[in-house]
Amino acid sequence: MFDQAIPSKQAKGKKAEKNKLILLVHGLDGDERTTWGKFISLVNSDSSMKKLFDIRTFGYDANILRVPILKRSANLTDVALGLKTEINMQYSNYEQIFLVGHSMGGLICRQYLVNEYKNESKHKIAGLLLYAVPNSGSALATIGKFAMPWNKQLWNLSRFSNILTTLNHEWDVYNIEGDIPTRYLWGSADNVVSLESAKAHALDTSFHVLTNKNHRTVCKPEGHKDNSYLILSGFCLGIAKEGKESVVEANTLKPDVLFEFYSPDVEEFHVKRIEDDQIEKCLNGRHLWVSGPSGVGKTVAIRRFLEINKCRFKYIGLANCLNASVHEVMEHLCAEVESLTEIEVDYSNKSERDLIKILSNQIIHLSNGSEFFLFIEEIPFAEDEQYQNFINNIHALIIYLSPNNAKHSIKLVLSSIKKADTKLGNAFKKVREKMHFMEFAEWNNNDLRALLLLISDELEIPVSSDQIKLILDNCHGSPRFIKMLFYKYRNNLCPGRSLTELIAVVETDFVS
């Protein structure tokens with residue numbers, strides 16, 4: 001067991017050597033060189049792809065921190081018109097063009113297509129791939145537009161912006177997805193774009209979740225076997241050769257034993273533990289707060305309960321609120337929940353108490369009298385004073401929900417690394433009357449061994465007893481560590497390394 005160059009654009013007027021083009025469009029705060037990682041070199045080193053496709057990038061000024069007085073920021077519509085000019089002037093000789101957008105780049109691609117259909121223009125777009133695209137907006141942009149009101153791109157990306165509302169309406173009116181094959185991709189570790197926003201227009205068959213990928217890495221494949229690359233290559237090859245997806249992409253739809261994001265189709269790869277039963281008991285009529293080290297399966301266990309029981313829930317990750325104040329976190333929660341209510345609320349310049357009232361009303365609206373779970377993960381506070389303030393807010397939220405929650409149909413599920421400790425005083429004692437507090441410990445060796453052997457068998461990667469002991473001794477009691485180890489080995493990311501060396505590499509990447 002165990003320096004790529006970005007090609008320059010085609011010169012004006014030069015005939016395309018190949019008649020099919022993949023055109024990459026980056027997002028906000030991205031650029032042509034860094035957004036896509038190894039994508040270009042992977043296409044150019046793939047014999048089946050390079051025979052058919054050229055690959056190019058489209059760039060525009062997406063600097064989020066520009067000085068407002070010195071430079072105007074182009075809005076989404078402006079950039080979409082620029083994309084049209086680029087395609088018409090630089091790439092007119094291609095017979096088929098595949099647009100690939102990351103984040104706001106995907107919205108630019110969609111706006112370009114809407115414009116083409118509105119104007120009844122002839123286009124050559126054969127397919128569209130959308131990597132982590134905020135189709136219904138981003139809560140972070142909703143908050144950020146107040147900090148940087150001059151940035152039109154942030155306003156475009158905010159929830160319920162006029163331009164997004166119009167885009168989504170016209171996308172449906174012209175039935176563009178019925179005419180152009182479209183695929184949606186989202187990373188399970190994405191804390192910028194929510195699953196709901198990335199999946200907004202997608203059918204289950206056209207939506208792909210990529211494990212171990214965040215908002216930036218979802219479009220940075222690490223090799224030809226990376227699902228991020230396989231989905232693109234299978235999609236483009238299938239349409240280019242047969243007018244439909246090839247078997248290459250179909251193979252990527254198999255449940256992944258190395259899953260990070262739980263869904264019912266990976267249940268066969270879930271190692272059931274006593275914590276699974278405890279979560280079910282805790283959520284029988286009360287709210288729940290789970291704490292424990294990173295990488296021990298808190299999120300998987302909670303999501304498994306919600307998915308298996310077909311619960312209605314909203315997931316909110318607070319990883320991007322690491323240095324935020326309690327007030328800013330409450331604003332973020334309001335913005336995230338707002339995305340599901342379809343009711344725009346002004347929560348700027350509000351007190352924390354007002355924000356709690358707004359959040360309570362949003363949750364009650366979502367529940368609609370039936371069972372509803374709000375799952376809030378990665379609570380970021382490290383200082384006891386901040387923690388106590390946040391717990392006070394949660395207690396107030398529970399109180400506001402109570403008159404509408406006689407049948408316990410609304411439940412809060414919170415997750416944090418830091419333990420909500422009794423030393424926090426009255427705030428903790430009051431919340432404890434309404435909420436279960438559950439600790440997740442590091443996995444024991446029996447559960448870790450069961451997971452390791454399950455992965456080894458599924459991936460057909462044999463491991464000796466000595467190798468098992470070495471892995472168990474160094475994995476920090478974390479199933480995530482073991483999955484990261486096999487992920488790097490399976491995808492040949494550290495060729496020629498011994499198991500000891502591979503463990504050292506994972507140790508560097510592992511967030512304890």
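A crossing of two helices counts as right-handed if the near helix is turned clockwise from the far one by less than a right angle. The legends below describe close-up views of a predicted model.

**Figure 1. Helices α18 and α19 cross in a right-handed sense.** Helix α18 spans residues 445-459, and its axis comes within 11 Å of that of α19, at a crossing angle of roughly 125°. On the α18 side the contact is made by N445, L448, R449, L452 and L453, and on the α19 side by I468, I471 and L472. Sorted by class, the residues of this contact comprise 6 nonpolar, 1 polar and 1 charged.

**Figure 2. Helix α19 also packs with helix α21.** Here α19 (residues 465-474) and α21 (residues 499-509) have axes 11 Å apart, and the angle between them is about 20°. Because angles under 35 degrees count as roughly parallel, α19 and α21 are described as roughly parallel to each other. Their crossing is right-handed. Helix α19 contributes Q467, L470, I471 and N474 to the contact, while α21 contributes L499, T500, I503 and E507. These residues divide into 4 nonpolar, 3 polar and 1 charged. Residue I471 of α19 takes part in this contact and also in the contact with α18.

**Figure 3. An open sheet is formed by 6 strands with parallel pairing.** The strands follow the order β2-β1-β3-β4-β5-β6. Strands β2 (53-58) and β6 (207-210) stand at the edges; each has a single partner strand, so one side of each is left without a neighbour in the sheet. On average, and with direction ignored, neighbouring strands are turned by 20° against each other.

**Figure 4. Strands β1 and β3 pair within the sheet.** Strand β1 covers residues 20-25 and strand β3 residues 96-102; the two pair in the parallel sense over 6 bridges. Residue L21 stands opposite I97, which belongs to β3.

**Figure 5. Helices α3 and α10 lie across strands of the sheet.** Helix α3, formed by residues 76-90, lies across β1, β2 and β3 and runs at about 145° to β2. Helix α10, formed by residues 227-242, lies across β1, β2, β3, β4 (125-131), β5 (182-187) and β6. The direction of α10 is at about 165° to β4.

Terms used:
Residues are numbered from 1 along each chain as its sequence is written. This is a predicted model: local features need pLDDT of at least 70, side-chain atom pairs count only at pLDDT 80 or more; totals for chains, interfaces and linings use all residues. Side-chain values use heavy atoms; hydrogens and water are left out. Axes are lines fitted to C-alpha atoms, for helices over the stretch in contact, and angles run from 0 to 180 degrees between N-to-C directions. Helices (H or I, at least four residues) and strands (E, at least two) are DSSP runs, numbered from the N terminus. Angles under 35 degrees count as roughly parallel, over 145 as roughly antiparallel, 65 to 115 as roughly perpendicular and the rest as oblique. Contact means heavy atoms within 4.5 Å. Ala, Val, Leu, Ile, Met, Phe, Trp, Tyr, Cys and Pro count as nonpolar, Asp, Glu, Lys and Arg as charged, and the others, Gly among them, as polar. Two strands pair if DSSP finds at least two bridges between them.
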